[in-house]
Amino acid sequence: MTEFVCEVDEDYRSACKGLEFYGEHEGNRYCVLHFPDEEKNSDDFLKVVKSKLMQKDYDFSGTVFPKRPANFEGFDFDANADFGGAIFPTVADFSGARFSGETTSFRGAKFRGDKSIFSEVQFNGEKTDFSRAEFSSGEVTDFTEAEFSGERTDWVCPASTDCLPLSHSTSSHSSFLVLSGAEMP
Ligand SMILES: [Zn+2]
(Lines give C-alpha, C1' and ligand atoms only; values in the text may rest on other atoms or scores of the structure.)
Protein backbone atom coordinates (compact mmCIF):
# COMPACT_ATOMS: atom_id res chain seq x y z
CA MET A 1 0.00 0.00 0.00
CA THR A 2 1.34 3.38 -0.91
CA GLU A 3 1.11 6.29 1.41
CA PHE A 4 -1.60 8.80 0.66
CA VAL A 5 -0.32 11.93 -1.03
CA CYS A 6 -2.69 14.85 -1.14
CA GLU A 7 -3.29 16.14 -4.65
CA VAL A 8 -3.15 19.79 -3.74
CA ASP A 9 -0.58 21.99 -5.50
CA GLU A 10 2.86 20.66 -4.62
CA ASP A 11 3.83 23.94 -2.97
CA TYR A 12 1.27 23.32 -0.27
CA ARG A 13 1.94 19.66 0.48
CA SER A 14 4.26 20.50 3.34
CA ALA A 15 1.17 21.52 5.31
CA CYS A 16 -0.41 18.08 5.26
CA LYS A 17 2.47 15.67 5.53
CA GLY A 18 1.28 12.58 7.32
CA LEU A 19 -2.38 13.48 7.17
CA GLU A 20 -4.85 10.90 6.00
CA PHE A 21 -7.08 10.91 2.97
CA TYR A 22 -10.19 12.93 3.64
CA GLY A 23 -12.20 13.23 0.46
CA GLU A 24 -12.30 13.24 -3.27
CA HIS A 25 -13.16 16.33 -5.27
CA GLU A 26 -13.39 16.33 -9.06
CA GLY A 27 -11.34 13.17 -9.26
CA ASN A 28 -8.56 14.37 -6.97
CA ARG A 29 -7.88 13.09 -3.50
CA TYR A 30 -7.28 15.54 -0.68
CA CYS A 31 -6.50 15.78 3.00
CA VAL A 32 -8.97 17.59 5.23
CA LEU A 33 -6.99 20.86 5.12
CA HIS A 34 -6.85 21.09 1.36
CA PHE A 35 -10.17 19.53 0.45
CA PRO A 36 -11.45 22.38 -1.70
CA ASP A 37 -15.03 22.46 -0.51
CA GLU A 38 -15.89 24.96 2.21
CA GLU A 39 -18.77 22.73 3.27
CA LYS A 40 -16.35 20.21 4.73
CA ASN A 41 -16.83 18.76 8.18
CA SER A 42 -15.53 21.46 10.46
CA ASP A 43 -15.06 19.12 13.44
CA ASP A 44 -12.64 16.93 11.50
CA PHE A 45 -10.93 20.04 10.24
CA LEU A 46 -10.58 21.64 13.68
CA LYS A 47 -9.16 18.45 15.14
CA VAL A 48 -6.32 18.58 12.65
CA VAL A 49 -5.77 22.31 13.15
CA LYS A 50 -5.62 21.92 16.91
CA SER A 51 -3.17 19.07 16.75
CA LYS A 52 -0.94 21.05 14.42
CA LEU A 53 -1.04 24.08 16.71
CA MET A 54 -0.10 21.92 19.67
CA GLN A 55 2.93 20.66 17.79
CA LYS A 56 3.89 24.21 16.88
CA ASP A 57 3.32 23.36 13.27
CA TYR A 58 1.94 26.54 11.77
CA ASP A 59 2.15 25.53 8.17
CA PHE A 60 -1.36 26.06 6.86
CA SER A 61 -0.37 26.87 3.33
CA GLY A 62 -3.14 26.30 0.84
CA THR A 63 -5.63 25.45 3.57
CA VAL A 64 -9.26 25.89 2.67
CA PHE A 65 -11.04 26.88 5.86
CA PRO A 66 -14.59 25.64 6.35
CA LYS A 67 -17.55 27.96 6.54
CA ARG A 68 -17.20 28.93 10.14
CA PRO A 69 -15.10 31.66 11.66
CA ALA A 70 -11.39 30.95 11.69
CA ASN A 71 -10.57 31.99 15.19
CA PHE A 72 -6.92 32.52 16.06
CA GLU A 73 -7.66 35.29 18.50
CA GLY A 74 -4.74 35.93 20.83
CA PHE A 75 -2.80 32.94 19.54
CA ASP A 76 0.94 32.94 19.97
CA PHE A 77 2.55 31.77 16.74
CA ASP A 78 6.02 31.26 18.17
CA ALA A 79 7.50 29.69 15.04
CA ASN A 80 7.25 30.30 11.32
CA ALA A 81 3.66 30.66 10.23
CA ASP A 82 2.52 30.00 6.72
CA PHE A 83 -0.98 30.84 5.59
CA GLY A 84 0.16 31.34 2.01
CA GLY A 85 -2.64 30.72 -0.44
CA ALA A 86 -5.06 29.86 2.35
CA ILE A 87 -8.73 30.59 1.73
CA PHE A 88 -10.89 32.07 4.47
CA PRO A 89 -14.51 31.86 3.29
CA THR A 90 -15.88 33.63 6.32
CA VAL A 91 -14.61 35.59 9.31
CA ALA A 92 -10.86 35.42 9.89
CA ASP A 93 -10.04 36.59 13.37
CA PHE A 94 -6.40 36.98 14.29
CA SER A 95 -6.95 39.82 16.71
CA GLY A 96 -4.29 40.08 19.37
CA ALA A 97 -2.27 37.23 17.89
CA ARG A 98 1.48 37.34 17.94
CA PHE A 99 3.73 36.11 15.17
CA SER A 100 7.27 35.75 16.38
CA GLY A 101 8.73 33.15 14.03
CA GLU A 102 11.27 34.22 11.47
CA THR A 103 8.77 34.40 8.68
CA THR A 104 5.07 34.94 8.57
CA SER A 105 3.33 34.51 5.30
CA PHE A 106 -0.14 35.35 4.15
CA ARG A 107 1.12 35.52 0.61
CA GLY A 108 -1.74 35.10 -1.81
CA ALA A 109 -4.19 34.32 0.99
CA LYS A 110 -7.80 34.97 0.08
CA PHE A 111 -10.03 36.59 2.63
CA ARG A 112 -13.57 36.21 1.38
CA GLY A 113 -15.57 36.69 4.52
CA ASP A 114 -17.14 39.90 5.66
CA LYS A 115 -14.60 40.39 8.43
CA SER A 116 -10.85 40.03 8.50
CA ILE A 117 -9.51 41.12 11.82
CA PHE A 118 -5.87 41.73 12.49
CA SER A 119 -6.28 44.35 15.16
CA GLU A 120 -3.50 44.47 17.72
CA VAL A 121 -1.61 41.71 15.99
CA GLN A 122 2.11 41.77 16.56
CA PHE A 123 4.16 40.77 13.57
CA ASN A 124 7.57 40.43 15.15
CA GLY A 125 9.26 38.08 12.74
CA GLU A 126 11.96 39.12 10.36
CA LYS A 127 9.75 38.89 7.39
CA THR A 128 6.03 39.38 7.06
CA ASP A 129 4.55 38.76 3.68
CA PHE A 130 1.09 39.87 2.65
CA SER A 131 1.95 40.16 -0.99
CA ARG A 132 -0.83 39.17 -3.35
CA ALA A 133 -3.20 38.67 -0.45
CA GLU A 134 -6.76 39.37 -1.50
CA PHE A 135 -9.29 40.97 0.74
CA SER A 136 -12.30 40.61 -1.46
CA SER A 137 -15.79 41.85 -0.83
CA GLY A 138 -15.09 42.11 2.86
CA GLU A 139 -16.94 44.69 4.84
CA VAL A 140 -14.28 45.09 7.45
CA THR A 141 -10.58 44.57 7.17
CA ASP A 142 -9.12 45.73 10.39
CA PHE A 143 -5.45 46.27 11.09
CA THR A 144 -5.98 48.74 13.89
CA GLU A 145 -2.96 48.91 16.17
CA ALA A 146 -1.25 46.08 14.36
CA GLU A 147 2.45 46.21 14.88
CA PHE A 148 4.99 45.33 12.25
CA SER A 149 8.42 45.26 13.78
CA GLY A 150 10.23 42.91 11.43
CA GLU A 151 12.94 43.89 9.04
CA ARG A 152 10.83 43.42 6.05
CA THR A 153 7.15 43.65 5.37
CA ASP A 154 5.76 42.94 1.95
CA TRP A 155 2.48 44.59 1.87
CA VAL A 156 -0.02 45.29 -0.78
CA CYS A 157 -2.83 47.59 0.11
CA PRO A 158 -6.05 45.63 -0.28
CA ALA A 159 -7.73 46.56 -3.53
CA SER A 160 -10.24 49.37 -3.50
CA THR A 161 -9.39 50.41 0.01
CA ASP A 162 -7.71 53.43 1.27
CA CYS A 163 -4.80 52.71 3.51
CA LEU A 164 -1.51 54.22 4.39
CA PRO A 165 1.56 52.51 3.07
CA LEU A 166 3.43 50.80 5.81
CA SER A 167 6.85 52.06 6.33
CA HIS A 168 9.63 49.57 6.02
CA SER A 169 11.51 50.84 8.98
CA THR A 170 12.43 48.43 11.70
CA SER A 171 9.51 49.42 13.78
CA SER A 172 6.36 50.69 12.28
CA HIS A 173 3.29 50.99 14.30
CA SER A 174 0.27 51.06 12.17
CA SER A 175 -2.74 52.85 13.36
CA PHE A 176 -4.91 52.68 10.35
CA LEU A 177 -8.16 51.00 9.91
CA VAL A 178 -8.91 49.69 6.51
CA LEU A 179 -12.53 49.60 5.66
CA SER A 180 -13.92 48.42 2.46
CA GLY A 181 -17.54 48.80 1.64
CA ALA A 182 -18.50 49.38 5.23
CA GLU A 183 -19.79 52.37 7.08
CA MET A 184 -17.36 54.20 9.25
CA PRO A 185 -17.87 53.43 12.90
ZN1 LIG B 1 -3.32 18.28 1.73
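**Exercises on a predicted model**

E7 and strand E11 (residues 110-111) pair in the parallel sense over 2 bridges. The model is predicted: local features need pLDDT of at least 70, side-chain atom pairs count only at pLDDT 80 or more, and totals for chains, interfaces and linings use all residues. Residues are numbered from 1 along each chain as its sequence is written.

**Exercise 1.** State the strand order of the open sheet that contains E7, and name its edge strands.

Solution. Strands (E, at least two residues) and helices (H or I, at least four) are DSSP runs numbered from the N terminus. Two strands pair if DSSP finds at least two bridges between them. The 3 strands run in the order E7-E11-E15, with parallel pairing. E7 (87-88) and E15 (134-135) are the edges, since each pairs on one side only. At residue level, Ile 87 has Lys 110 in E11 as its bridge partner.

**Exercise 2.** Decide whether Asp 82 is buried or exposed, and list its contacts.

Solution. Asp 82 belongs to strand E6 (residues 81-82). A residue is buried if 20 or more other C-beta atoms, placed from the backbone, lie within 10 Å of its own, exposed if 12 or fewer, and partly exposed in between. Asp 82 has 25 within 10 Å, so Asp 82 is buried. Contact requires C-beta atoms, placed from the backbone, within 7 Å. Leaving out residues up to four places away in sequence, Asp 82 touches Tyr 58, Asp 59, Phe 60, Ser 61 and Ser 105.

Technical notes:
Contact = placed C-beta atoms within 7 Å.
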